[in-house]
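Morning, everyone. I'll keep this short; have a look at the model first, and then I'll talk you through it.

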Amino acid sequence: MAKTKSNAISVVEEATPVETMNLHADKLLSIQDLHVWFELRKFGFGHAGYVHAVDGVNFDLAKGESIAVVGESGCGKSSLMKTILGINKPIKGRVVFNGKDISKMEPKDLKWYRSQVGYIQQDPYGAMPPFMDVTRILSEPMIINSKSTPEERDERIKKVLEEVKVFPIEDFLPKFPHMLSGGQQQRIVIARAMVLEPKLIVADEPVSMLDASVRVEILNLLRNLQEKYNLGVIYITHDLSTVRYFSRRIFVMYAGKVVEQAKVHDLLFNPSHPYTLALLAATSDPDAANAKVYKDIPTGEPPSLITPPPGCRFHPRCPRKIAGLCEVEVPPDFEINPEHKVACWLYK
Amino acid sequence: MVKQDSQLLKIEDLVLHFKVGKTGVVRAVDGVNFNLGFKEAVVVLGESGCGKTSLAKAILRLLPKNIEKYSGKVILNGVDTMAMDDETYRKEIRWVKMSMVPQAAMNSLNPVMKVGEQVAEPVVVHSGASKEDALKQARKMFAHVGVPDQFIDRYAFELSGGMRQRSAIAMALVTAPDLIILDEPTSALDVLTQANIFNVLKHIKNEMETSFILITHDIATSSELADKVAVMYAGQIVEVSDAERFFHEPLHPYAKKLMASVPKMRATVEPDFIVGQPPSLLDPPTGCRFAERCPRRFDLCKDEPPVEVKDGRTVKCWLYV
């Protein structure tokens with residue numbers, strides 16, 4: 001059996017001058033035909049194929065816009081996020097931030113880029129070093145990425161803790177992560193993402209590990225910060241019931257591809273792709289009537305991304321498959337309205 | 001199964017306290033009462049740290065060593081299991097009459113044993129059946145939970161999360177117990193897989209003579225199985241109600257707040273949240289344990305509220321006295 005090794009590979013493409021790329025004044029981030037593949041190794045050196053984690057994703061994010069990427073685990077949403085953060089290198093395609101391709105950035109520019117992008121992790125406890133206190137956790141990004149004096153750092157830490165509403169601030173400064181509750185830990189992680197005053201926040205399932213009663217509090221906090229500082233936010237989640245609270249557009253991903261994109265309201269009330277329909281059917285609102293009916297959802301599992309199915313990747317599970325078409329040709333994006341696109345042959 | 005009582009399970013004043021350090025006592029389960037009928041599913045709802053997993057362990061007597069106090073009554077089909085010694089309990093109750101799907105069950109399978117053999121093992125141990133008969137039984141259970149037949153000879157790492165979860169459910173079902181305790185059965189799974197697992201559980205509930213205790217913090221998915229809801233807060237049950245009326249309108253202020261905190265997909269109401277944190281179980285407050293966070297607290301709340309019965313719903317709150 002092939003041994004999996006997760007080293008993203010990068011292939012140098014034809015050179016594109018960094019300056020000529022679409023310099024839209026209001027465009028913060030632009031993802032263009034992004035492919036992220038991971039090479040599989042056999043016995044450590046032989047080639048054994050690729051995991052097609054992200055396979056041709058396109059979108060633009062305006063300044064101060066917040067979008068949600070929704071999908072199941074293994075659909076490539078975390079690989080997409082890590083590529084935006086510059087952790088994975090794309091094999092093809094570009095991530096353009098403020099008109100600059102991040103894979104062509106000099107180390108100096110990369111340092112600047114990292115100060116512009118904040119990252120909120122899924123598991124707050126796992127995301128913080130257990131041997132550092134809150135002061136240290138929050139000063140670390142400033143020590144690494146900016147020239148600041150200790151006084152400036154202390155001032156900024158106080159300010160950012162005020163932003164995330166942990167009171168009294170002085171009590172929190174010497175605390176270690178294990179001394180905080182789940183909600184407080186997530187606040188510190190948000191504070192750390194905000195400490196360098198970024199323009200873009202990437203939030204990877206920021207509330208999935210928290211209790212129901214705390215979840216909403218954290219989502220509200222994120223939304224307030226987003227509005228106050230006009231942040232671009234990419235909210236990655238599998239939970240459709242929370243996206244409405246602070247995203248304008250939703251991208252639904254399945255097996256490495258975006259299958260449907262629309263404004264939130266449009267997607268919730270007029271879903272088009274059979275996969276989106278299934279996701280919506282699977283998400284329940286609390287109602288005693290739920291217990292009396294079986295849910296009408298496709299069985300089976302998402303496909304392997306090493307050998308993805310030909311044609312539409314959802315066709316093996318799709319209840320509305322068109323024989324002779326869906327398993328042969330990859331569906332392009334069909335427009336339902338200018339802001340609602342769906343990759344499904346049903347809308348030809 | 002012969003019905004020897006009107007209720008399958010009666011829990012009376014169940015207490016489970018743990019020792020911590022030299023003098024500390026964690027009051028994880030602190031006087032819990034509820035009943036469960038035949039072929040009924042009760043959901044125990046609560047936030048993390050409220051003692052709901054400890055409650056499951058106290059019912060099934062899966063106890064760690066640092067026990068300070070373990071008392072009360074667990075009456076299963078007319079028999080007080082608390083009066084049994086450990087050996088009888090192991091032989092006659094655990095996995096024979098009551099079984100459990102533990103939290104993160106999909107990661108609790110033995111990695112060096114084929115899943116089919118693991119599922120068959122309780123039959124061999126408890127009814128002394130031959131391995132062939134046990135495997136036959138396991139195959140039947142796999143069909144019930146929707147695992148294809150060829151998976152029986154595979155190892156846990158070759159199965160997806162959903163398949164492993166189904167196998168763990170098959171393992172709990174294989175001895176045909178009267179009661180299965182499910183501890184957060186879908187919390188680590190994807191939405192579609194989650195919905196599929198609940199379809200399986202509904203199918204089992206309809207086809208077999210099984211009752212369920214479902215332990216979860218997720219109100220929305222809990223409504224998929226619930227006949228009855230018990231809300232737990234800081235080691236105590238604060239409300240028990242039938243699902244119909246509970247999801248329509250909970251009574252206890254904590255349950256109301258919890259319900260209001262659920263984000264709804266299409267509704268336009270803003271979800272609410274509960275200010276503050278649950279009290280420490282090392283030193284819970286005297287009086288109502290929710291009082292500190294309660295929007296409707298008044299003078300009486302400094303005393304422990306009594307448990308009141310209102311139209312078949314029980315609620316532990318001074319507002320309903």
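This is a predicted model: local features need pLDDT of at least 70, side-chain atom pairs count only at pLDDT 80 or more; totals for chains, interfaces and linings use all residues.

Okay, chain B. There's an open sheet of four strands there, ordered 2-1-4-5, with antiparallel pairing. Strand 2, residues 24–36, and strand 5, residues 79–80, sit at the edges with a single partner strand each, so each has one side without a neighbour in the sheet. Further in, strand 1 (residues 9–20) runs antiparallel to strand 4 (residues 67–76), and eight bridges join the two. If you want a landmark in that pair, find L9(B), which stands opposite L76(B).

Over to chain A. Strand 2 (residues 27–42) and strand 3 (residues 46–62) are antiparallel, joined by 12 bridges. They make a hairpin with three residues between the strands, and F43(A) takes a positive phi there, near 50°. Strand 2 of chain A also pairs antiparallel with strand 5, residues 92–97, over five bridges. So who faces L29(A)? In strand 3 that's L61(A), and in strand 5 the bridge partner is F97(A).

Last, the core. The largest nonpolar one has 188 residues, and A170(B) and I181(B) have the most contacts inside it. At least three of its residues come from each of domain 1 (9–97 + 179–320) and domain 2 (106–176) of chain B. As for A170(B), its contacts include V119(B), A138(B) and F142(B), leaving aside residues up to four places away in sequence.

Technical notes: Residues are numbered from 1 along each chain as its sequence is written. Chains are lettered from A and ligands numbered from 1 in the order in which they are written. A nonpolar core is a set of buried Ala, Val, Leu, Ile, Met, Phe, Trp, Tyr and Cys residues joined through C-beta atoms within 7 Å. A residue is buried if 20 or more other C-beta atoms lie within 10 Å of its own, exposed if 12 or fewer, and partly exposed in between; C-beta atoms are placed from the backbone. Domain bounds come from an automatic or database domain assignment. Two residues are in contact if their C-beta atoms, placed from the backbone, lie within 7 Å. Two strands pair if DSSP finds at least two bridges between them.
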